[in-house]
Amino acid sequence: MSPTRAAARLFARRARLAPRHARRQLSAFPLSMTKVVCTLGPATETAEGVQALCDEGLSCARLNFSHVGDYSEPAAKLALVRAAKGEHARLEGSKDAAGSRFPNLRAVLLDTKGPEVRTGTLPGGVESFTIGDGMEVVCTFDDVSGDAAPADGAARVRLHVDYESLPQTVSPGSQILLDDGLISLRVTDVGTTSVTAIAENAGPIKARKGVNLPGSILDLPALTSKDKEDLAWAVQSGADYVALSFVRSAGNVRSCRAFLERCRATADDRVPLIISKIENQEGVDNFEEILAASDGIMVARGDLGVEIDYAKVFAAQRDMVNACNRTGKPVIVATQMLDSMMRQPRPTRAEVTDVAAAVLDGADAVMLSGESANGDYPDLAVATQRDILEAAERWDDELFEPDLEDLDPALALARAAVECQRVADADAIVVVDR
């Protein structure tokens with residue numbers, strides 16, 4: 001992207017082109033600079049459910065591939081998104097034919113599972129058991145399903161962790177977090193094939209729960225065999241974006257892009273754009289090179305808040321959003337934005353502030369996960385998200401006062417274009433960079 005185009009994009013999203021009340025739109029629907037990404041799931045995987053999300057402002061549908069085995073499920077969801085009424089329908093017919101209140105040339109994003117570390121089958125094949133405070137937990141790559149089921153009050157248990165290089169990755173004093181950090185283990189001894197740790201708090205554990213190793217550099221491939229199968233499906237099915245999970249370096253992104261290119265049946269097949277998910281310390285440390293290699297960024301605060309000090313998540317989010325704005329690449333802020341709306345019809349005040357802060361920081365999109373996939377109020381969550389975005393953008397319109405001193409030529413040109421648009425009340429600014 002040329003410096004002029006990047007500057008124009010940055011200035012335009014800060015200036016919002018014109019005050020909302022003064023804008024004439026290219027369509028008859030409202031237009032927001034900040035978009036909503038919605039995860040599809042059991043609560044919304046019907047034609048009516050998808051249409052309701054679209055009617056409330058869905059701009060991009062996320063298909064979570066963490067547990068996908070049969071491609072008929074994501075194929076059905078993708079078809080529902082493509083068939084939903086909206087801007088793409090309006091462009092071909094009348095406004096009424098669109099049948100949706102928002103201008104959505106809607107995109108589909110495939111979110112890869114990525115090279116995760118998880119617990120395996122539990123001792124005795126039980127569904128779950130409680131790790132007690134102070135319990136000795138031996139983490140091993142060995143199959144422990146033949147062990148006796150842990151008894152209440154047991155002092156020691158073996159736990160299968162599907163990461164063979166665990167003994168080479170951690171050291172005494174290292175922390176191991178289970179199930180999104182709900183259980184903390186402190187390493188006391190490292191053996192050849194296992195790691196012994198002491199539980200620092202009690203909690204239930206199930207099979208296939210996430211394992212995080214904060215601050216550690218993991219010996220994992222950029223793409224797993226499942227990721228490769230899923231990416232091939234993304235190319236064949238015409239997905240618009242792929243969200244690459246647990247990106248640790250620019251090399252991970254290049255590997256993904258090369259694989260996507262190899263999946264094209266013909267030179268005319270379109271390759272999805274790559275959104276790199278930043279979820280660990282290594283990704284934060286290598287962010288600049290990852291950004292340069294990526295088409296966009298997702299600030300995935302779920303795993304990120306477990307992998308790095310939670311008190312530093314806000315700073316990492318702001319730094320990444322600012323860097324994306326500088327380079328003119330889109331950035332999505334994700335995870336727990338309206339989490340309470342999975343269970344209740346109103347967000348907390350803290351959630352409202354969190355969403356608005358993401359807008360003011362410069363996020364291009366905000367994402368709903370469980371809220372739209374499994375929640376009790378999926379379409380209401382999207383409507384609430386939209387209300388907050390519009391309120392934040394209106395406030396930003398009124399507040400924004402550009403600094404006219406020391407503008408570089410590219411930013412000065414961008415400002416001049418935006419000011420011309422304001423005066424002329426133009427519908428759009430067209431930037432040609434090549």
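This is a predicted model: local features need pLDDT of at least 70, side-chain atom pairs count only at pLDDT 80 or more; totals for chains, interfaces and linings use all residues.

Of its 434 residues, 50% count as buried.

**Stop 1: helix α7.** Select residues 225-237. These 13 residues form α7, which reaches 18 Å from its first C-alpha to its last, close to the 18 Å expected at 1.5 Å a residue. Now pick out its buried residues: Lys226, Asp227, Asp230, Leu231, Ala232, Trp233, Ala234 and Val235. Then step just past the end of α7 to Gly238, where phi is positive, at about 80°.

**Stop 2: Leu260 and the cores.** Click on Leu260 and show what it touches. Leaving out residues up to four places away in sequence, you'll find Leu231, Val235, Val242, Val271, Pro272 and Ile274. Two of those, Leu231 and Val235, are on the list of buried residues of α7. Leu260 also belongs to the largest nonpolar core, a set of 66 residues; along with Val242, Cys256, Phe287 and Ile297, Leu260 is among those touching the most other members. A second, separate core has 26 residues, including Leu122, Met135, Cys139 and Ile176.

**Stop 3: the open sheet.** Next, colour six strands in the order β6-β5-β9-β8-β7-β11; together they make an open sheet with mixed pairing. Look at the two ends: β6 (156-160) and β11 (211-212) each have a single partner strand, so one side of each has no neighbour in the sheet. Zoom in on β5 (residues 136-140) and you'll see it run parallel to β6, with 5 bridges between them.

**Stop 4: Thr335.** Where does Thr335 sit? Look in the loop between β15 (331-334) and α13 (349-361). A polar atom of the Thr335 side chain lies 3.3 Å from the backbone nitrogen of Gly302. Residues up to four places away in sequence aside, Thr335 touches Ala300, Arg301, Gly302 and Met367.

**Last stop: zoom out.** Show the whole surface. The protein chain exposes about 19,700 Å², and carbon and sulfur atoms supply 51% of that. As for contacts with a separation of 6 or more, 71% link residues 24 or more positions apart.

Key
Residues are numbered from 1 along each chain as its sequence is written. Side-chain values use heavy atoms; hydrogens and water are left out. Helices (H or I, at least four residues) and strands (E, at least two) are DSSP runs, numbered from the N terminus. The expected span of a helix is 1.5 Å times one less than its number of residues. Buried means under 20% relative accessible area, exposed over 50%, partly exposed in between (1.4 Å probe, protein chains only). A polar contact is a pair of N or O atoms within 3.5 Å; within protein, one must be able to donate a hydrogen and the other to accept it, and residues adjacent in sequence count only if both atoms are side-chain atoms. Contact means heavy atoms within 4.5 Å. Two strands pair if DSSP finds at least two bridges between them. A nonpolar core is a set of buried Ala, Val, Leu, Ile, Met, Phe, Trp, Tyr and Cys residues joined through side-chain atoms within 4.5 Å. Accessible areas come from the Shrake-Rupley method with a 1.4 Å probe; for residues, only the protein chains shown count as cover.
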